Amino acid sequence: MEIILYLSVAVIAIAFLVLVIYLAKTLKSLQGTLDNVSNTLAGLERQLDGVTKETTVLLHKTNSLATDIQQKSENLNSVVTAVKEVGDSVRKFNGSIQKITSSVNTQLEQNKDKISQVVQWSNVLLEIKDKWKMRKEDPYQYNVSEKQMLPPERQRERARY
């Protein structure tokens, strides 16, 4: 029985040795995996630092761009205000021109008879001038009586006598 006991202790020792060997292999494999994870995390940390720096630079650029856009928007607002004021001025100017045109039309309507008389008299004077000129050029060919040289109103007056 003693042999069985020694054999059992030997089997237990061998089993323990096999267990330790497999456990050592597993721990060695785990150590390699953890080293890979550690390297990956270190790489990720470096990349994250780079991304953080780029994000900071991008944020500063975005802030300066937003400030620039705001300034330009304010400048554009002043331009829009100026254009609006020009539009108001043009509208007022058009209103003034319409009032002047209306006033001139009203005056023309009121003085239509006087204007008509002035036009008639000017036509008569131009006709007299032309006849006088023709008479001076060739007095024998163009025989104009005194009656034809008078304005129509004067001709009527002479005709009554």
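## Confidence in the model

pLDDT is the predictor's confidence in each residue, on a scale from 0 to 100. This structure is a predicted model. Its protein chain has a mean pLDDT of 86. A value of 70 or more is reached by 85% of the residues.

Helix H1 scores highest, with a mean of 92. Helix H3, residues 146-149, scores lowest, with a mean of 50. Where pLDDT is low, the predicted coordinates should not be read in detail.

## Overall architecture

The protein chain contains four helices and zero strands. Its pattern along the sequence is α-α-α-α. Helix H1 covers residues 2-110, and helix H2 covers residues 112-137.

Of the 161 residues in the protein chain, 4% are buried. The chain exposes about 14,800 Å². Carbon and sulfur atoms supply 62% of that area.

## Annotated regions

The record places a "transmembrane region" at residues 6-24. In the model, this span is 100% helix and 0% strand. The C-alpha atoms at its ends lie 26 Å apart.

The record also places a "coiled-coil region" at residues 27-54. Here too the model gives 100% helix and 0% strand. The end C-alpha atoms of residues 27-54 are 40 Å apart. Both annotations may be inferred rather than shown by experiment.

## Salt bridges

How many salt bridges does the count give? The count comes to four. Three of them are described here, including the pair Lys 72 and Asp 68.

The side chains of Lys 72 and Asp 68 meet at 3.3 Å, N to O. These two residues are four apart in helix H1, so about one helical turn separates them. Lys 72 is exposed, because its relative accessible area is 52%, and the cut-off for exposed is over 50%. Asp 68 has 29% relative accessibility, so this residue counts as partly exposed.

Asp 88 and Arg 91 form another salt bridge, at 2.4 Å, N to O. Both residues lie in helix H1. They are three residues apart, about one turn of the helix. Arg 91 has a relative accessible area of 53%, so this residue is exposed. Asp 88, at 25%, counts as partly exposed.

Glu 109 pairs with Lys 112. The closest N and O atoms of this salt bridge are 3.7 Å apart, within the 4 Å cut-off. Is Glu 109 buried or exposed? At 55% relative accessibility, Glu 109 counts as exposed. Lys 112 has 48% relative accessibility and therefore counts as partly exposed.

## Nonpolar surface patch

A nonpolar patch lies on the surface. Its members are Ile 100, Val 104, Leu 108, Ile 115 and Val 119. Together they have about 420 Å² of accessible area.

Which helices supply the patch? Helix H1 and helix H2 each supply at least two of its residues. H1 gives the most, with three. Ile 115 lies in helix H2. Its relative accessibility is 39%, so Ile 115 counts as partly exposed. That value also meets the patch requirement, because patches are made of residues with over 30% relative accessible area and no salt bridge.

## Summary

The predicted model has four helices and zero strands. Confidence is highest in H1 and lowest in H3. The nonpolar patch draws on helices H1 and H2.

Definitions and conventions. Residues are numbered from 1 along each chain as its sequence is written. This is a predicted model: local features need pLDDT of at least 70, side-chain atom pairs count only at pLDDT 80 or more; totals for chains, interfaces and linings use all residues. Side-chain values use heavy atoms; hydrogens and water are left out. Patches are made of residues with over 30% relative accessible area and no salt bridge: like charges are joined within 9 Å, nonpolar side chains (Val, Leu, Ile, Met, Phe, Trp, Tyr) within 5 Å. Accessible areas come from the Shrake-Rupley method with a 1.4 Å probe; for residues, only the protein chains shown count as cover. Buried means under 20% relative accessible area, exposed over 50%, partly exposed in between (1.4 Å probe, protein chains only).
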